[in-house]
Amino acid sequence: MNDFDFFMGQWHVRNRRLRERLKGSTQWDEFDATNVCRPLLGGVGNEDEFRTDHDGGFIGMSFRFFNRATRAWSIYWASSRTGVLEAPVTGSFSGNTGTFEGDDVFEGQPIRVRFIWSRIDTKTPRWEQAFSNDGGRTWETNWIMDFSPLRD
């Protein structure tokens with residue numbers, strides 16, 4: 001239940017996001033953001049708010065809930081661009097890496113989504129998102145966030 005304790009607080013975020021997803025693109029946009037994470041429900045969940053001025057600006061929110069029975073996390077995302085709470089990815093941590101996967105739809109096509117949290121034992125954790133349009137046989141990483149604390 002304490003897997004995301006490392007993420008509580010305020011962060012500077014350096015983003016690298018693939019310009020076009022699942023199209024063979026190799027062009028990345030790089031931009032900054034801020035992020036604030038806080039616990040929910042006495043620690044069985046947490047929420048974070050992501051803010052950026054990039055590309056007209058937007059706000060995103062993640063909600064994470066720990067299922068005590070299965071010992072897995074479910075992670076949900078919503079943004080001010082769509083106003084839609086997206087389908088969750090689920091998974092858990094093994095050591096210092098968390099892997100979370102789920103089904104979604106991208107541009108009308110079914111896909112698999114994977115989040116990987118790494119470097120959680122450092123002051124600079126990393127989050128990566130990847131899509132697969134072949135059932136998880138191959139993955140395209142399309143968004144990388146490197147976090148650094150706003151305050152130590």
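Tutor: Buried means under 20% relative accessible area, exposed means over 50%, and partly exposed is what lies in between (1.4 Å probe, protein chains only). At 30% relative accessibility, Arg-119 therefore counts as partly exposed. This is a predicted model, in which local features need pLDDT of at least 70 and side-chain atom pairs count only at pLDDT 80 or more, while totals for chains, interfaces and linings use all residues. Residues are numbered from 1 along each chain as its sequence is written, and side-chain values use heavy atoms, with hydrogens and water left out.

Student: Where does Arg-119 lie?

Tutor: Strands (E, at least two residues) and helices (H or I, at least four) are DSSP runs, numbered from the N terminus. Arg-119 sits in the loop between strand E8 (109-118) and strand E9 (126-132).

Student: What is phi of Arg-119 near?

Tutor: Most residues other than glycine have a negative phi. Phi of Arg-119 is near 55 degrees, a positive value in a residue other than glycine. Leu-22, also not a glycine, has a positive phi near 55 degrees as well. Leu-22 is in the loop between E1 and E2, and is partly exposed because its relative accessible area is 25%.

Student: Is Asn-15 buried or exposed?

Tutor: Asn-15 is buried, since its relative accessible area is 0%. Its place is in strand E1 (residues 9-18).

Student: Which residues does Asn-15 touch?

Tutor: Contact means heavy atoms within 4.5 Å. Not counting residues up to four places away in sequence, Asn-15 touches Asp-29, Glu-30, Phe-31, Asp-32, Ala-33, Phe-50, Trp-143, Ile-144 and Met-145.

Student: Which side chain does a polar contact join to that of Asn-15?

Tutor: A polar contact is a pair of N or O atoms within 3.5 Å; within protein, one must be able to donate a hydrogen and the other to accept it, and residues adjacent in sequence count only if both atoms are side-chain atoms. The partner of Asn-15 is the side chain of Trp-143, at 3.0 Å.

Student: What does the side chain of Trp-11 reach?

Tutor: The side chain of Trp-11 reaches the backbone oxygen of Phe-7, at 2.9 Å. Trp-11 is in strand E1 and is buried, with a relative accessible area of 5%. Leaving aside neighbours within four places in sequence, Trp-11 has contacts that include Phe-6, Ala-33, Lys-123, Pro-125 and Ser-148. Trp-11 and Ser-148 are 137 residues apart in sequence, yet 5.6 Å apart in space, C-alpha to C-alpha.

Student: How many salt bridges does the structure hold?

Tutor: A salt bridge is a side-chain nitrogen of Lys or Arg within 4 Å of a carboxyl oxygen of Asp or Glu. The structure holds 13. In one of them, the side chains of Arg-19 and Asp-29 meet at 2.7 Å, N to O. Arg-19 lies in the loop between E1 and strand E2 (28-40) and Asp-29 in strand E2, so the pair ties together parts that are ten residues apart in sequence. Arg-19 is partly exposed, at 48% relative accessibility.

Student: How many Å apart are the closest N and O atoms of Asp-55 and Arg-81?

Tutor: In the salt bridge of Asp-55 with Arg-81, those atoms are 3.8 Å apart. The pair links distant parts of the chain, 26 residues apart: Asp-55 is in the loop between strand E3 (45-52) and strand E4 (58-67), and Arg-81 is in the loop between strand E5 (72-79) and strand E6 (89-94). Asp-55 is exposed, with a relative accessible area of 56%, whereas Arg-81 is partly exposed, with 42%.

Student: Where Asp-103 forms a salt bridge, which side chain does it meet?

Tutor: Asp-103 meets Arg-112, at 2.9 Å from N to O. Asp-103 is exposed, with a relative accessible area of 52%; Arg-112 is partly exposed, at 22% relative accessibility. Elsewhere, salt bridges that share partners join Arg-14, Arg-16, Glu-30 and Asp-32 into one network.
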